[in-house]
Amino acid sequence: MDLQSLCVIFQGALSPNPIERKAAEESLNQFQYAPQHLVRVLQIIIDGNCDIAVRQVASIHFKNFVAKNWAPHDPGEQSKILPGDKEVIRQNILKFVTQVPQLLRSQLGECLKTIIHADYPEQWPNLLNWVKHNLQDQQVYGALFVLRIISRKYEFKSDEERIPVHHIVEETFPHLLYIFKQLVEISNPSVEVADLIKLICKTFWSSIYLEIPKQLCDSNLFNSWMVLFLNILERPVPVEGQPIDPEMRKSWGWWEVKKWTVHILNRLFTRFGDLKLQNPDNKAFAQMFQKNYAGKILECHLNLLNVVRVGGYLPDRVINLILQYLSNSISKSNMYSQLQPRLDIVLFEIIFPLMCFNDNDQILWDEDPTEYVRKGYDIIEDLYSPRTAAMDFVSELVRKRGKENLHKFISFIVQIFTRYDEAAVEYKPYRQKDGALLAIGALCDKLKQTEPYKSELERMLVQHVFPEFSSSVGHLRAKAAWVAGQYAHINFSDPNNFRRALHCVVAGMRDPELPVRVDSVFALRSYVEACKDLDEIRPILPQLLDEFFKLMNEVENEDLVFTLETIVDKFGEEMSPYALGLCQNLAAAFWKCMSTAEANDEGDDPGALAAVGCLRAISTILESISRLPHLFVHIEPTLLPIMRRMLTTDGQEVFEEVLEIVSYMTFFSPTISLEMWSLWPLMMEALADWAIDFFPNILVPLDNYISRSTAHFLTCKKPDYQQSLWNMISSVVADNNLEDGDIEPAPKLIQVVFQNCKGQVDHWVEPYLRITIERLRRTEKPYLKCLLVVVVADALYYNPSLALNILQKLNVATEVFNLWFQMLQQTKKSGARSNFKREQDKKVCCLGLTSLIPLPADQLPGEALERVFKSTLDLLVAYKDQVAESAKEEDEEEGDDDDDMENFQTDDDDGDDSDKEMGDDAEDGDEADSLKLQKLAARAKAFRTTESDDEDSDDDFSDDEELQSPIDDIDPFVFFVDTIKVLQASDPLRFQNLTQTLDFHYQALANGVAQHAEQRKTDIEKEKLAKAAEATVVAA
């Protein structure tokens, strides 16, 4: 297509007529892969005679096409752009990227980034030479622009991947330093000079981010750079040309240069200038930096902060970075000594005012309270906030230098409280009181541990915090709720004070001001956790929930959902009357959050976080009603649309949370409905396409489907679930690209089929055994080897004659049994078994081997029978010991838990209270009574493995006894003894030959196992009687 025709198509893409726009898009799609297409698009972008709107559309198309097609995403895939076209693009884009208007430059810059990341240095070896040449020529901006992109490619690379950085530094930094010097020496520099310096700074930043290039370790060369950075840090920013608009002002070129300079100096100090953090290789550099530069930088930073003290302007990010530097200086004696003479000025005239409510806060509070709330709870905002950095400085100061500073700072805060109390209403320093409350809340951990403050906290709350719940000033009401929440877990000597705080926080949820309502909900979580008498909350529970959902309709905030989870957790089954309504409201909130997240492409969108919180809260509700299965039937229609949509690629961000909900719905519902079965294909498609990392999570609901709805799994043919499962498992197990750890759930699923479908899936035994043996031969990870051998054991337990015939038919019987017995005998240095560490695996091995014993001699010769018999005895003894050890540990843990609970009840404030803040003392015990819930939680835990499974721990997978399975009721000792009795009755001679070959050791083991089997029979009968009696009581 010629240039003119292509211009017409881009013009059509701008048409207000949707039909014309669609036709233009279809034409572009039709011709986009044609030779020379990309070259012609670039020609349009750089053509100054072409309409700027057309050039902009062309630049966006160019950027998107390059991003999608320049480098193939899959290995072996052919690029859709011809090599010749790529070469033309590479030759021309460098020349024009800096010549086009800024509107187009940003698009071409993104393209250049994509191309450099894909092609440099292999396909573009002369790129660095082009940069070097142009750094010495008139194309300095273009060369710096490209060099910045090259250095960014290696910013986060380490070790061998970082080697090109040394070459880049060697080739270009001498020229950069020369240009930097010249630019710094310009008098009355323009903002264009700032743009060049910023590119140099960003290149330097990327080059030193993870390690100092060896060239810069030369003290003279490094000093040349530091002289320039300190010059930039010290010199005032030009007044002329500064934008008036605050947003434009902070991103103005010279303030950007100041920010990047502070950024670099902070990085050098915190990562490379700290002697405690450095390895021996970098110790000399750290010593040099501390001696020659750290103090100078601190002095410059203090001078810069003085601008804020006298009412001047510094961008928020610059203040934040400077305060980070100061915080990191506190722990270093020489730096603290330098800071000390000016510390009072810094603390009381700079830091504290930054903690106070200000004009910008008030404007946001009045004009956009939703945004005020978002900023207050946004972690990303904290990274840039001067207020957060000020709080961090105070916290670090009292933590590291508390003896000389804590009393001084608290005295200052008390003076503010006193001045506030004594002032007339119209003269009260409301904003200073806000800052003082923020300081008290920020220092809660320190104050809760330190006398005399620890003893005075309740009085402080009553005297200075509680009155602000009824303040006429909204931000003080909000701050009172927040501070009260920080201290909810202290020991209140007067229970009425706790009650008063709780009721004030609850009342705050109905405050006319949105930020007050949100801070009240946040504080409520702490009071619910700390509340020992739920009757304080029980009567107002319905109103509380109503206020929650009104608030969730107004603002998307995951902290709201956290509080709701805490309430549900605390009240357990008492939430059952509200369960359906809660799930309906949370589902509605989820859809609203998702639509917000989809409209906002940024990854840190609060809507996305709140959506995850909604799903987590739904899971908590389902846990709380786990013993009320009839409720699940009513809740299912509300949750089905979420599960259906979010089990597709649309739900990748919430996939784990959705799978947890599917797990609960398939485990606790009375039956699994056909609508729930419709989710099976979605999980299979996801697993085949993109969700292999979630295989352990998907395993849980698949197990539930097979074990709880076995008949449907076996009989349904449209879809054919058995075939579907085989397709997935065989594909995963045979995939050479998957690591051993990735496929661990596959053999577990085969076990689920064999154990739940005994006698009904004979036709699947051979194919499953075949792929199991094939994978076993190339498996390296011991844990996966164990799982695959356990599949063989399960097949033998399923049908020993059939399974053994198949192994012999495949010519692998000898190979498999030799490996199995070898693995059974392997031990660690400690003497512990190396393999089959889970109780469940030992048990299945026992059942599988025991199942072989009655087979006739033509299938299992006498020598093999003896080997099987002895191995089973050894394994039964190991199993018995492990079960006894687990029971002992469980008893000890329960005893420890009781002690811990007593400690929590008697002393909330000893030591580090971070655990109490997380609500560990809030357990109600309801959920612990639910065996089903324990089993489901254990099932999820048991399906997760760790890297240390193989070598480091004997305790891995000790929770397997919690898994629910048809073999739970089979006692391996009783099964073994009963099987031996069958052999004795059916073939007395074979039995006699077996027992006569046993030495004294194995005869003793056999007698011990027989005695233990009799004891187990007695115990099992007692357990049955106890369960029957319990059921009678429940029924009554």
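1. A polar contact is a pair of N or O atoms within 3.5 Å; within protein, one of the two must be able to donate a hydrogen and the other to accept it, and residues adjacent in sequence count only if both atoms are side-chain atoms. The side chain of Ser471 reaches the backbone nitrogen of Val473 at 3.0 Å. Ser471 lies in the loop between α25 (453-465) and α26 (474-486).

2. A word on the source. The model is predicted, so local features need pLDDT of at least 70 and side-chain atom pairs count only at pLDDT 80 or more, while totals for chains, interfaces and linings use all residues. Residues are numbered from 1 along each chain as its sequence is written, and side-chain values use heavy atoms, with hydrogens and water left out.

3. The chain as a whole. The secondary structure comes to 51 helices and zero strands; helices (H or I, at least four residues) and strands (E, at least two) are DSSP runs, numbered from the N terminus. The C-alpha trace spans about 110 × 80 × 65 Å along its principal axes. Of the 1036 residues, 52% count as buried. Buried means under 20% relative accessible area, exposed means over 50%, and partly exposed lies in between (1.4 Å probe, protein chains only).

4. Surface and charge. The chain exposes about 47400 Å², and carbon and sulfur atoms supply 50% of that area. Accessible areas come from the Shrake-Rupley method with a 1.4 Å probe; for residues, only the protein chains shown count as cover. The mean positions of the 105 positive and 162 negative charges are 4 Å apart. Lys and Arg count as positive and Asp and Glu as negative, with His and the chain ends not counted; a charge is placed at NZ of Lys, CZ of Arg, CG of Asp or CD of Glu.

5. Contacts. A contact means heavy atoms within 4.5 Å. Of the contacts in the chain with a separation of 6 or more, 75% are between residues 24 or more positions apart. Ile980, in helix α49 (residues 972-986), is buried at 11% relative accessible area. Leaving out residues up to four places away in sequence, Ile980 touches Ile853, Phe869 and Phe991. Under that rule Ser471 touches Leu476 and Arg477, and Ser471 is buried at 10%.

6. Cysteines. How many disulfides does the structure hold? It holds zero, a disulfide being a pair of cysteine sulfur atoms within 2.5 Å. For Cys50, the nearest cysteine sulfur is that of Cys7, 4.0 Å away. The sulfur of Cys593 is too far for a bond, because the closest cysteine sulfur, in Cys614, is 4.6 Å from it. Cys50 is buried at 15% relative accessible area, and Cys593 is buried at 4%.

7. Backbone points to check. A cis peptide bond joins Tyr120 and Pro121, with omega about 0 degrees; Pro121 is in the loop between α6 (102-119) and α7 (127-135). Another cis peptide bond joins Glu451 and Pro452, with omega about 5 degrees, and Pro452 is in the loop between α24 (444-447) and α25.

8. Phe836 has a phi of about 50 degrees and is found in the loop between α44 (813-825) and α45 (839-852). Is Phe836 buried or exposed? Phe836 is buried, with a relative accessible area of 2%.
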